[in-house]
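I opened this entry to keep track of what I looked up in the structure. The notes follow the order in which I went through it.

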Amino acid sequence: MASLQISPNPNGSSLSVGGGGSGEVSEGTRIYIEYNRKNWRETQGEWLPMYGGGWDPSEYRWEGVVGDGGFSRIAGYIGQTQPIDGSASAGNLIITVIGIKTGGVIDPNTSINLCSEGEWTLSTTNAQGETTTTTDTSSFVGGQTGHSPGWAPIAARVEGEANASFPIFETAAEAENFLRTGEGDPLNGMVPVEPNDYDYYIYNRISTTPGSGAEYNYFYRYKMREGKRLCLFKEKLIGYPQFDRTLSGADGILTIYKGDSPDQDPFPEANSTVLHFLGALAKYEGGTTWYPITYETNIPIADSMQHAQDYIETGDTTGITGIPGQQGGEIGEPTDQTEQGENGAVFSYGGGMFRLSNAQLASFYTEAFNTDPNVMQSILEGLQLFGSNQINAIHDVMYIPFAAEDVATLSSGNDIYLGSYKMTTLTGDRVLKNDKLINMGTHYFAPPYGAGDHRNYAPLCRIFVMLPYAGTHELQIDKYIGKNVTLKLAVDLTTGAGTYFVLSNNTIMDSFDCQIGAHRAITAVDHAQHVAAVTNAILQTGTQGIKTVAGATNAINPAQAATAGREATKTSLNAAGLGGAVSGAIGTVVTGFQGMQSTIDYPMTERGSFNGFLGMFDVKSPYFVFCQMQTKQAQNLIRIKGKPSAAGGKLSSFFGYFEAAAVDLPSFSGTEAEAEELMSILKGGIYID
Amino acid sequence: MSLSMNLYKNTKLPNHTSRTLTAVAALAVPDNVIEKFDLTDPVIVVKNSDYMSFANGGANYLHLGAPFNRYYFMGTATAGADGLTRIPCHVDVLYTYLQEALNADVVASRSSSNYEIGLEDPLVKVLKGYNYNFSKFNYTFTPEAGQYILQVGGR
């Protein structure tokens, strides 16, 4: 394990900094440095402790919680400062923490003084096992201003150790680079953490505000004694309106782990666990509604305490109403990212591919088609491999609207050969490998109505992406809302074809093909093919590329679509197919929002790819277009009419407004007519006071 | 045979599970006070003077003892020339059978307490027209100053 050792000279005292997490933090992450500092002084030729009769076991801990508005990473760096009185050259040893913006729980640039007025040697071992040593030999000598002579140390040294939960670098520049890139070689290493070995977990954040905040943050994992089980059961707790689940079987827990977030790994060990949680979608009681912002667990849930105890003792699943899904599965290894390949084809021999400027291309054509008989003779002789059609040595000239080095590895100043003929008037930058993806950046789409709200999704919210040379496409918003969306582009320099990759949290979700490079005709045959290609492209654009649905409830006239080259399906102009596809799409919209609105306009015009040089007139950068309809919800809606629910259970488990979709009365002492009336009332809506 | 009849003033609507019952009168009356012996919709006959007394007390709700054992909403009373007032009643099934109702197994379609914001809500109204927000990626193509890729056959 990488570590940082600080050893005062000459008595072998030491201060070490160990630990070191990944440095990745989010709101609510707890970070800390804890250290044990021991001070000595030397008087009359011998070392004496600073305090009392031995080592002063002063233990220190600095900790804080990352607040909202911080960076996604945190780091520290080692610094040295002069002693407080400035009377000696020996430096204090401090760690400065960076990566937290003002407004976070911790002040930015917090400094923790690990070692003051000391003389020390710094030994660092990085993650690769490489050790470097730095020694500060200018020890503090002499009395301190403001101290009595009898107390003043001749020399002060420190010994101790420190542990940090985040990476610490040697310099501020390295720490800052880590914040930006996530890369670096910290002194205390970025040690892979061992995940907890646990049997059960429950993650429960409880708030009075739907979708945000948390009055209670419970993130627990449990390792059980052999043969022991846990079970939750539903319980209404008098005086605790915020809970509705109770944990049973806690006496079988071997180890409790308590974390700060579900993503943390490992969780630190804890001495105790809470026993009450909130699992209902929302719980109204005592004038307050409580929401489980997070409720994830693999602990089985029983409908009563007795059934929970039966399950714990015998494994009897009677009354077990749910066993949430386990992590992982048998289909394959779970992953949080997709891996992309790299083009390893080499173009440095067997013909050539060169990047040319306008001027270079002009020189090329001038020389290749020179009327000088000596040059032509040379070319003809040099191109004997190409028979009578010598121009075949020129395979392609293609215009690209970006720098070739964005997608390829180049070498500069290479000779250009036509067959065996060496061009005399120019050299070019040879494409060695077409091996790079263009990373166009990452955007984050925050759910406008808060996590989980149906209004974040289509058709109320939609995402389109406008891709240069690839047209405009709608993305399925479910894949991208609340995610980091990254756009990458691969371009094939041999054909000019491109593929955009759209990633959601590092996983490829969509890809779009396009033609970016525009080919210049060289021969008459090429020219004819070029014209044909452009003609076909125009036809295809009309029939495949554009889709406009104006007014979801209006019928679409296929004839108009064909005439205008608009309002067509993506596959054909066949009227039946067109009508079926569009009415299907509209049907989905209407079904989903029947009664909510009279029409939903299709927000964007979609277009397929461009061909020929037409793409050069397209947008120059990719754009995301977030289309959002404005919604209105009565402020008192939830209180007087509730919200849609799919919850089931005893009627007594509901509060406030309740409307039944189905009712079963296990026993009823009234008449049949009264039973029917009661069920009718429940289905019509009641207020449970 | 007599029948217990407790009259109340209730200010809660029928679709609430609770009742605010203020006692107006508690009577032991002969069972022939019930003109229409119907468990769900009985008609009670009282003297006009008694009814006025009840009405002045705000009575709009009553409980009939055995063999009825039910709570009733009082309907619109009718005073007759015979000096009697007829009060049609209708059983309050929700309050009478509240404990059995609370023990019912139910599936909710709407709820103030156990709801799911991910479900579409037809009571959320939508304003016509989308708002458009454009966000641009950092990468910019340079079609006005591009480069050429030349592919040739040669050594």
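Which residue just after H2(A) takes a positive phi? I looked it up and found Gly315(A), with a phi of about 85°. I note here that the model is a predicted one.

**Entry 1: helix H2 of chain A**

I stayed with this helix, which spans residues 305–314 of chain A. I listed its buried residues as His307(A), Ala308(A) and Tyr311(A). They sit on the same side of H2(A), because the arc they cover around the axis is only 105°. I then checked the other side of H2(A), where Gln306(A), Glu313(A) and Thr314(A) are exposed. For the background I wrote down that an α-helix has 3.6 residues a turn, so residues three or four places apart point the same way.

**Entry 2: chain B as a whole**

I looked up the make-up of chain B and got three helices and eleven strands. Read from the N terminus, the order is β-β-β-β-α-β-β-β-β-α-α-β-β-β. Chain B has 155 residues, and 34% of them count as buried. I also looked at the contacts in chain B with a separation of 6 or more: residues 24 or more positions apart account for 55% of these.

I picked out one residue, Leu27(B), which lies in strand E2 of chain B, residues 21–30. Is Leu27(B) buried, exposed or partly exposed? It counts as partly exposed because it has 15 C-beta neighbours inside 10 Å, and a buried residue would need 20 or more. I also took its C-alpha to C-alpha distance to Ser2(B), which is 9.6 Å for a separation of 25 residues in sequence.

**Entry 3: where the chains touch**

I followed E11(B) into an open sheet of six strands. I wrote the order as E26(A)-E27(A)-E24(A)-E11(B)-E25(A)-E34(A), with antiparallel pairing. The edges are strand E26 (409–418) and strand E34 (518–520) of chain A; each has a single partner strand, so one side of each is left without a neighbour in the sheet. From one strand to the next the twist averages 40°.

I then went through pairs in this sheet, as follows.

- E11(B) pairs in the antiparallel sense with strand E24 of chain A, residues 352–356, over five bridges. Gln151(B) is the bridge partner of Met353(A).
- E24(A) and E27(A) run antiparallel and are joined by two bridges. Here Arg355(A) stands opposite Asp429(A).
- E26(A) and E27(A) run antiparallel and are joined by seven bridges. Thr409(A) has Lys433(A) as its bridge partner.
- Strand E25 of chain A, residues 394–400, pairs in the antiparallel sense with E34(A) over three bridges. Met398(A) stands opposite His519(A).

I also checked the hairpin of E26(A) and E27(A), which has two residues between the strands. In this hairpin Gly419(A) takes a positive phi near 65°.

Which helix lies across this set of strands? I found helix H3 of chain A, residues 358–368, lying across E24, E25, E26 and strand E27 (421–433) of chain A together with E11 of chain B. H3(A) runs at about 135° to E27(A).

**Entry 4: a sheet within chain A**

My last item was an open sheet of four strands in chain A, in the order E28-E31-E32-E33 and with antiparallel pairing. Strand E28 (438–444) and strand E33 (507–515) of chain A stand at the edges; one side of each is left without a neighbour in the sheet, because each has a single partner strand. The twist in this sheet averages 20° from one strand to the next.

I looked at one pair here: strand E31 (residues 484–491) and strand E32 (residues 497–504) of chain A run antiparallel and are joined by seven bridges. In E32(A), Phe501(A) is the bridge partner of Lys488(A).

Technical notes:
Residues numbered from 1 in each chain as written. Chains lettered and ligands numbered in written order. Predicted model: local features only at pLDDT ≥ 70, side-chain atom pairs only at ≥ 80, totals over all residues. Buried ≥ 20, exposed ≤ 12 C-beta atoms within 10 Å, placed from the backbone. Pairing = 2+ DSSP bridges. Axes fitted to C-alpha atoms, helices over the stretch in contact; angles between N-to-C directions. Contact = placed C-beta atoms within 7 Å. Arc of directions from axis to C-beta.
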